[in-house]
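Subject: That model, and some notes on it

Hi,

Here is the structure I said I would pass on.

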Amino acid sequence: LFPYTTLFRSWAIQIDSSGNMVWNKTYQENDGTEFRNALKTTDGFLLVGNTFSQSGDEDAWIVRIDDQGNVLWNKMIGEEKLDKIFSAASAPDGFVFVGLTDSFGNGGSDGWVIKTDMDGKLLWNKTFGGSGDDAFRSIIVTNNRYLIAGYTDSNGNGNYGFWFVKTDENGTLLWSKTYGGPESNKAYALTGAEDGYIVVGDTHSTEKTDRSEEHTSELQSLII
């Protein structure tokens, strides 16, 4: 059954430097939509989110608008299962999106990376993860390399770990790291630092990164 009793729409507003509203737009596709991220483009904005259907299908949804909020084009990417995106970044030759997918990959949900050209044409679609549930939540592009943060429970200990992945411009894995204690640890965002990166999220473990250490079940913020 469709899990929502009322129709909901994606919403975007533009405000000026004093906080005054310039324009206010809603956008609709299928039985419901949401936006999770936005990028500035040369001619407007790229809005990043997902669509929902009463059948339970969820697909990635990318909307390109002009600087007045008018739709230039929109694209849906996904198949019959759960396929969602949460974050995006601009690349020299297009856009890169990250999220999770049940339609592709190794079982459960997998970390999902999509690359399109500037007009939303799909260039490639890559999944990362194992037999458990895995997801990507944030991406940045540095020197044409993609740094991605999320979480994975495919590491064999039964709980999520902070997950940090680096790929080249074609989505080829360069390295993959996990962090956190023996209980659940999820990364939601990252940014560049002077000598590396800052990754943030939450943890049910202590701040220790050795999973064999004693731990608590209290939810805490975690920065690495």
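Predicted model: local features only at pLDDT ≥ 70, side-chain atom pairs only at ≥ 80, totals over all residues.

Which residue takes a positive phi in the hairpin of S9 and S10? That would be glycine 120, with a phi near 85°, and the hairpin has 5 residues between its strands.

First, the overall picture. We have 17 strands and 0 helices in the protein. Of its 224 residues, 45% are buried. The exposed surface comes to about 11200 Å², with carbon and sulfur atoms supplying 46% of that. As for contacts, if you take those between residues at least 6 apart in sequence, 40% of them join residues at least 24 apart.

S9 and S10 belong to an open sheet of 4 strands, ordered S7-S8-S9-S10 and paired antiparallel. Its edges are S7 (83–91) and S10 (122–128), each of which pairs on one side only. From one strand to the next the twist averages 20°. Within this sheet, S8 (residues 94–101) and S9 (residues 110–116) run antiparallel and are joined by 7 bridges; there you will find threonine 101 opposite aspartate 110 of S9. S9 and S10 are also antiparallel, over 6 bridges, and threonine 116 stands opposite leucine 122 of S10.

A second open sheet of 4 strands has the order S11-S12-S13-S14, again with antiparallel pairing. Here the edge strands, pairing on one side only, are S11 (134–142) and S14 (173–179). The twist in this one averages 20° from strand to strand. S13 (residues 161–167) and S14 run antiparallel with 6 bridges between them, and lysine 166 sits opposite tryptophan 175 of S14.

Now the rings. Searching the whole structure turns up 11 aromatic pairs. One of them is tyrosine 151 with tyrosine 160, an edge-to-face pair at 5.3 Å centre to centre and 80° between the planes. Tyrosine 151 also pairs with tyrosine 188: the centres are 6.1 Å apart and the planes stand at 70°, so this pair is edge-to-face too. Why does the pair of tyrosine 151 and tyrosine 188 tie together parts that are 37 residues apart in sequence? Because tyrosine 151 lies in S12 (residues 145–152), while tyrosine 188 lies in S15 (residues 185–193).

Elsewhere, ring pairs link Tyr27, Phe35 and Trp61 into a cluster.

Two lysines are worth a look while you have the rings on screen. Lysine 186 lies over the face of tyrosine 160, at 4.5 Å from the ring centre; tyrosine 160 is the partner of tyrosine 151 in the edge-to-face pair above. Lysine 40 lies over the face of phenylalanine 45, at 5.0 Å from the ring centre.

That's what I have for now.

Cheers

Note on methods:
Residues numbered from 1 in each chain as written. Heavy atoms only, no water. Pairing = 2+ DSSP bridges. Helix = DSSP H or I, 4+ residues; strand = E, 2+ residues; numbered from the N terminus. Axes fitted to C-alpha atoms, helices over the stretch in contact; angles between N-to-C directions. Buried < 20%, exposed > 50% of the residue type's maximum accessible area, 1.4 Å probe, protein only. Contact = heavy atoms within 4.5 Å. Areas by Shrake-Rupley, 256 points an atom, 1.4 Å probe, with all protein chains shown as cover. Phe/Tyr/Trp six-rings, centres within 6.5 Å; stacked < 30°, edge-to-face > 60°. Lys NZ or Arg CZ within 6 Å of the ring centre and 35° of its normal.
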